[in-house]
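Subject: Structure handover

Hi,

Here is the structure I promised to pass on to you. Have a look at it first, and then read on for my notes.

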Amino acid sequence: MASDKNTQEIRRRISHNKFRDHLFWVIGLFSTLIGFVVLFTLIIDLFVDGFPRLSWSFLTSYPSRFPEKAGILSAWVGTTLVMIVTAAAAVPLGIAAGIYLEEYGKKNWLTHVIEINMNNLAGIPSIIYGLLALGLFVYFLKLGESILTGGLTLGLLILPMVVISTRESIKAIPNSIREASYALGATKWQTVKDHILPYSMGGILTGMIIGLSRAIGETAPIITVGALTFVAFLPSSPMTNTFPFLSFKWLFDPFTVMPIQMFNWVSRPQKEFHLNAAAAGIILLLMTLVMNALAIYLRYKFRKRIKW
Amino acid sequence: MKRIGRNIGLLVFVAAGALLITNLPGLGVTLGWAQEKIIKIDGSSTVYPITEAVAEEFQKAKKGTVKVTVGISGTGGGFKKFSRGETDISDASRPIVKKEMDACKQAGIEYIELPVAYDGLAVMVNPKNNWVTSMTVGDLKKIWEPAAEGKITRWNQVNPAWPDVPLKLYGPGVDSGTFDYFTEAIVGKSRASRGDFTASEDDNVLVQGIASDRGGLGFFGYAYYAENPDKLKLVAIDGGKGPVSPSMKTVMDGTYFPLSRPIFIYVNKKSAERPEVKEFVEFYLKHAPTLVKQVKYIPLPDRAYKLAEERFARKVTGTVFGGEAKIGMKIEDLLKLEEKK
């Protein structure tokens with residue numbers, strides 16, 4: 001009799017646990033769906049509004065007061081160039097800082113303070129970076145309201161993200177790898193260069209892309225450092241036909257970026273401009289997707305090279 | 001020993017980096033990069049559509065040999081940049097004020113003031129609002145003056161004949177010349193306004209707000225209304241001689257009182273000596289009559305543009321307004337002032 005009661009009790013408990021298991025499955029699915037549905041609705045809405053406006057001439061025309069003639073040439077070129085400067089500024093610095101903190105830095109109160117600061121920096125509102133950059137780059141270093149200033153500003157913004165992701169992926173490398181390297185007589189730098197960096201590259205790239213994806217949509221800090229609303233020309237070409245054939249003049253040119261162009265169009269009275277903004281939104285989305293795809297591809301390549 | 005060596009290496013690296021960064025702009029100047037033909041314009045969002053149209057046509061006419069940039073910082077923000085010498089031309093939806101004149105003087109910046117068009121401010125209510133077709137300046141003052149803050153919150157508090165409906169207010173941001181002008185014209189003192197209203201530099205936000213709120217009321221530039229006449233209900237303004245609705249005609253002949261005003265560009269005198277800036281301003285005044293109308297603003301009479309052209313050619317600096325906003329200035333008054341100069 002007693003054992004029968006026991007079985008009943010166990011059955012009850014099992015069904016209870018199964019119910020809870022099921023319940024969580026429902027809650028989890030629901031939560032996932034909310035995010036998915038919202039995103040999907042947004043994208044659909046964007047496509048419905050903007051898709052008819054997409055054309056080759058939309059990509060190759062300058063902004064205009066006539067909505068049907070207006071394009072995003074100066075905006076997407078500006079965004080691309082600013083992103084190049086951002087990546088060039090933030091990635092080497094971020095990786096180097098991450099490696100130093102993880103491999104070289106002693107675990108003392110100083111690194112601890114840096115670590116806490118780094119995590120906090122990642123959460124600071126972007127407008128603060130804009131104000132800092134206005135004081136530092138525009139007024140103090142006199143870099144002007146240029147692509148260089150814009151890129152460096154966004155570089156500062158994503159620097160903490162690159163540092164944190166570098167550190168996280170370095171932490172994930174088993175210590176035995178380092179010990180094996182030292183056992184063979186390698187120096188610290190050799191260990192970092194030949195083992196730590198290649199193995200952690202996947203994670204570092206992910207961090208970099210997350211950072212750049214955030215930077216590409218930023219408007220506030222870019223406006224603060226003086227990106228402009230109406231720019232109907234391209235920065236100077238990086239190639240010249242006289243010696244030395246390379247020019248960095250474009251770094252100092254005035255510019256606009258995609259989010260600012262969109263913002264300008266959205267705030268106009270004519271409905272046609274709102275459609276232009278949606279079309280520009282699609283292009284911005286595509287640019288982000290291309291960056292992500294590149295990151296996934298690179299990560300895949302780096303993972304394949306790891307053999308342990 | 002090894003440690004010290006590493007630190008020195010780091011120090012040299014940092015020093016070299018700092019040197020490079022601080023010298024980059026200098027490098028740019030020595031290589032002749034800074035001498036490119038760029039005309040920098042910033043300022044009022046009200047004047048922006050006109051300047052944008054001129055910049056677009058000018059760059060087309062010059063086949064891209066001159067670059068023109070136009071920003072939107074508001075009239076006040078534009079003058080801040082202008083008085084620091086960062087821009088060549090400043091868009092302004094009101095005359096320059098004393099404080100800004102002093103800032104320019106201190107920086108040694110002389111400017112040429114040129115009126116480019118007329119603009120009316122439209123007062124708008126929700127289309128479902130069936131109790132108001134016109135308002136007097138007194139009504140508007142009762143609603144917008146600083147003393148109304150937190151007190152005048154229902155329509156029937158303004159006029160007992162109106163229903164007991166919550167009053168929700170919308171207006172442009174406090175950095176805009178439009179806000180400065182409206183407060184001056186209605187309340188009697190520039191920038192004196194209640195603070196409890198929804199402020200936005202983006203006119204669409206204001207339209208959305210008023211359109212979704214039966215008791216909504218707001219004001220913004222007439223040009224915006226002209227582009228979207230069916231979304232909101234226009235209120236006629238009674239400035240003492242009966243209610244008048246804003247239109248191309250009433251703004252031009254000055255009967256839409258006191259909410260019409262001239263708008264300006266201010267040209268830095270030193271910049272005007274550069275041939276590309278000179279050419280741009282001449283192009284601006286020459287094509288203003290057609291372009292202004294195209295972007296739904298009200299052009300000045302041809303005589304006014306002629307006077308402005310002459311003034312620019314003679315490089316007459318300073319303002320004809322003496323650092324104060326003038327209310328309800330008719331085009332005739334403006335012409336008289338301009339002629340005196």
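Let me start just after H12(B), where Lys296(B) takes a positive phi of about 70°. Please keep in mind that this is a predicted model.

H12 of chain B covers residues 275–294, and its 20 residues should span 28 Å at 1.5 Å a residue; the end C-alpha atoms are 27 Å apart, which agrees.

Arg191(B) is not a glycine, yet its phi is positive, near 70°. Arg191(B) sits in the loop between helix H7 (177–186) and strand S7 (198–199), and it counts as partly exposed because it has 15 C-beta neighbours inside 10 Å. Lys315(B), again not a glycine, has a positive phi of about 55°. The loop that holds Lys315(B) runs between helix H13 (302–314) and helix H14 (331–340) of chain B. With 13 other C-beta atoms within 10 Å, Lys315(B) is partly exposed.

Next, the strands around S9(B). S9(B) pairs with strand S4 (residues 111–125) of chain B in the antiparallel sense, through three bridges, and Val125(B) has Lys233(B) as its bridge partner there. Strand S5 (residues 134–136) also has three bridges to S9(B), but this pairing is parallel; Met135(B) is partnered by Ile237(B). With S10(B), S9(B) pairs in the antiparallel sense over two bridges, and Asp238(B) stands opposite Pro243(B). S9(B) and S10(B) form a hairpin with four residues between them, and Gly240(B) in the turn has a positive phi of about 120°.

Lys241(B) belongs to the loop between S9 and S10 of chain B. Is Lys241(B) buried or exposed? Lys241(B) has 8 other C-beta atoms within 10 Å, so it is exposed. Phe257(B) is 16 residues from Lys241(B) in sequence, and their C-alpha atoms are 8.9 Å apart in space. Phe257(B) is joined to Pro258(B) by a cis peptide bond, with omega about 0°. Pro258(B) lies in the loop between helix H10 (248–252) and strand S11 (260–268) of chain B.

Now for the contacts between the chains. In chain A, 19 residues are in contact with 26 residues of chain B. The chain A side of this contact has eleven nonpolar, five polar and three charged residues. Strand pairing crosses between the chains as well: strand S1 (residues 230–231) of chain A and strand S2 (residues 67–70) of chain B pair in the antiparallel sense over two bridges. Val231(A) has Thr69(B) as its bridge partner.

Last, the core. The largest nonpolar core has 154 residues, and Ala280(A) and Ala117(B) touch the most other members. Helix H6 (residues 147–171) of chain A gives this core its largest share, 13 residues. Leaving aside residues up to four places away in sequence, Ala280(A) touches Ile72(A), Ala75(A), Met258(A), Gln261(A), Met262(A) and Trp265(A).

Best wishes

Conventions
Residues are numbered from 1 along each chain as its sequence is written. Chains are lettered from A and ligands numbered from 1 in the order in which they are written. This is a predicted model: local features need pLDDT of at least 70, side-chain atom pairs count only at pLDDT 80 or more; totals for chains, interfaces and linings use all residues. A residue is buried if 20 or more other C-beta atoms lie within 10 Å of its own, exposed if 12 or fewer, and partly exposed in between; C-beta atoms are placed from the backbone. The expected span of a helix is 1.5 Å times one less than its number of residues. A nonpolar core is a set of buried Ala, Val, Leu, Ile, Met, Phe, Trp, Tyr and Cys residues joined through C-beta atoms within 7 Å. Two residues are in contact if their C-beta atoms, placed from the backbone, lie within 7 Å. Two strands pair if DSSP finds at least two bridges between them. Ala, Val, Leu, Ile, Met, Phe, Trp, Tyr, Cys and Pro count as nonpolar, Asp, Glu, Lys and Arg as charged, and the others, Gly among them, as polar.
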